[in-house]
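Please read it alongside the coordinates.

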Amino acid sequence: MRKQSMPEAVTWGYSKENGPDRWHEYYPIAKGNNQSPVAVLSKDASKDPALLPWFTGYDPGASKNMRNTGKTLRIAFDDTFDRSVLRGGPLPGIYRLRQLHIHWGSTNDKGSEHVVDAKRHAGEIHLVHWYSKYSNYADALRKTDGVATIAILMQVGKNPKPEMKRIIEEIDGIKTKGKEVPFQNFDPSILFPQNRNYYSYQGSFTTPPCEECVTWILLKEPIVVDEHQMSKLRSLSSNSAEEPHCPLVDNWRPLQPLNNRMIRTTCQ
Ligand SMILES: [Zn+2]
């Protein structure tokens, strides 16, 4: 007997049938007023002296594994206690690192989710943290201040950041959807650009269910990756090993309306 499959739109994705234009059919908040990503115009961002520097204290021992989810490359971290944390900046307290994942394009002119001064980058790394005053991650997702995500833009250039190497080296182990490799002793702060200036605003996850619980810390300075590193990312498959190869690319959500939200920026 043929196995009954879910309608394509239920298993969300990035294709015409199940892509961002249809997410709201199953996840109504995707049409909410505080969605991400947004376009940032530097001239319209309000310079806020109250926006402090942010700090991370990441324990390399907290990194657990790297996985091809079929929609992204994701690195998971132990968040059972305040082990790898983010604080300061726009945040009211201590946030625990839970996972890191990447959005990228099929070509270098697209892939980032946030667009700054009309420029779309080749990719964007998200480091997802949750407010440790809440009892667990699921609880934090229900609070407007529950999650803090650092976004790092990726720009293709000649002198790539050697720190991406670690991720790229292990990528062959997770070629297809569902594949996972151990990924230990990794301190993701090596991915941060030198300049720590940022934009901040209140928004959402950019993947379903698109919960509106995210304080974004969007770093102004992109990191440099090279063509080889991008092609390694693009070599991943969004299908499992038993299915035909389908390149995992263009896993980014289009821009969402800013509505009445303010984008703040640090004063340099
Ligand atoms: Zn993301």
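1. In what follows, two residues are in contact if their C-beta atoms, placed from the backbone, lie within 7 Å. On that basis Leu 218 touches Val 40, His 114, Ala 151, Tyr 198 and Tyr 199, once residues up to four places away in sequence are set aside. The model is a predicted one, and the remarks below should be read with that in mind.

2. On the overall fold, the secondary structure comes to four helices and 15 strands. The radius of gyration is 18 Å, close to the 18 Å that the globule rule gives for 268 residues, so the protein is as compact as a globular protein of that length. The C-alpha atoms fill a box of roughly 60 × 40 × 40 Å along the principal axes, and 40% of the 268 residues count as buried. Among contacts with a separation of 6 or more, 70% are between residues 24 or more positions apart.

3. Strand 9 deserves a separate look. Nine of the nine residues of this strand (residues 123-131) are buried, so strand 9 is largely enclosed by the rest of the structure. In a regular strand the side chains alternate between the two faces of the sheet. In strand 9, Gly 123, Ile 125, Leu 127, His 129 and Tyr 131 point one way, while Glu 124, His 126, Val 128 and Trp 130 point the other way, and all are buried. Strand 9 pairs with strand 7 in the antiparallel sense over nine bridges, with His 126 as the bridge partner of His 101; strand 9 also pairs with strand 10 in the antiparallel sense, over eight bridges, and there Leu 153 is the bridge partner of Glu 124.

4. Which residues of helix 4 are buried? In this helix (residues 227-234) they are Gln 229, Met 230 and Leu 233. Seen down the helix axis, these buried residues fall within an arc of 100 degrees, so they line one face of helix 4. They pack against strand 5 (73-77), strand 7 (95-104), strand 10 (147-156), helix 3 (165-169) and strand 14 (223-225), whereas the face turned away from the buried side carries the exposed residues His 228 and Ser 231.

5. Trp 12 lies in the segment before helix 1 (23-26) and counts as buried because there are 21 C-beta neighbours inside 10 Å. Leaving aside neighbours within four places in sequence, Trp 12 is in contact with Asn 18, Trp 23 and Pro 208.

6. A cis peptide bond joins Ser 36 and Pro 37, with omega about 5 degrees, and Pro 37 lies in the loop between helix 1 and strand 1 (39-40). The bond from Pro 208 to Pro 209 is likewise cis, with omega near 5 degrees.

7. Ala 118 is in the loop between strand 8 (115-116) and strand 9 and counts as exposed, with 8 C-beta neighbours inside 10 Å. Cys 210 is in the loop between strand 12 and strand 13 and is buried, with 26 other C-beta atoms within 10 Å.

Note on methods. Residues are numbered from 1 along each chain as its sequence is written. This is a predicted model: local features need pLDDT of at least 70, side-chain atom pairs count only at pLDDT 80 or more; totals for chains, interfaces and linings use all residues. A residue is buried if 20 or more other C-beta atoms lie within 10 Å of its own, exposed if 12 or fewer, and partly exposed in between; C-beta atoms are placed from the backbone. Helices (H or I, at least four residues) and strands (E, at least two) are DSSP runs, numbered from the N terminus. The arc is that of the directions from the helix axis to the C-beta atoms. The radius of gyration is taken over C-alpha atoms; the globule rule is 2.2 Å times the number of residues to the power 0.38. Two strands pair if DSSP finds at least two bridges between them.
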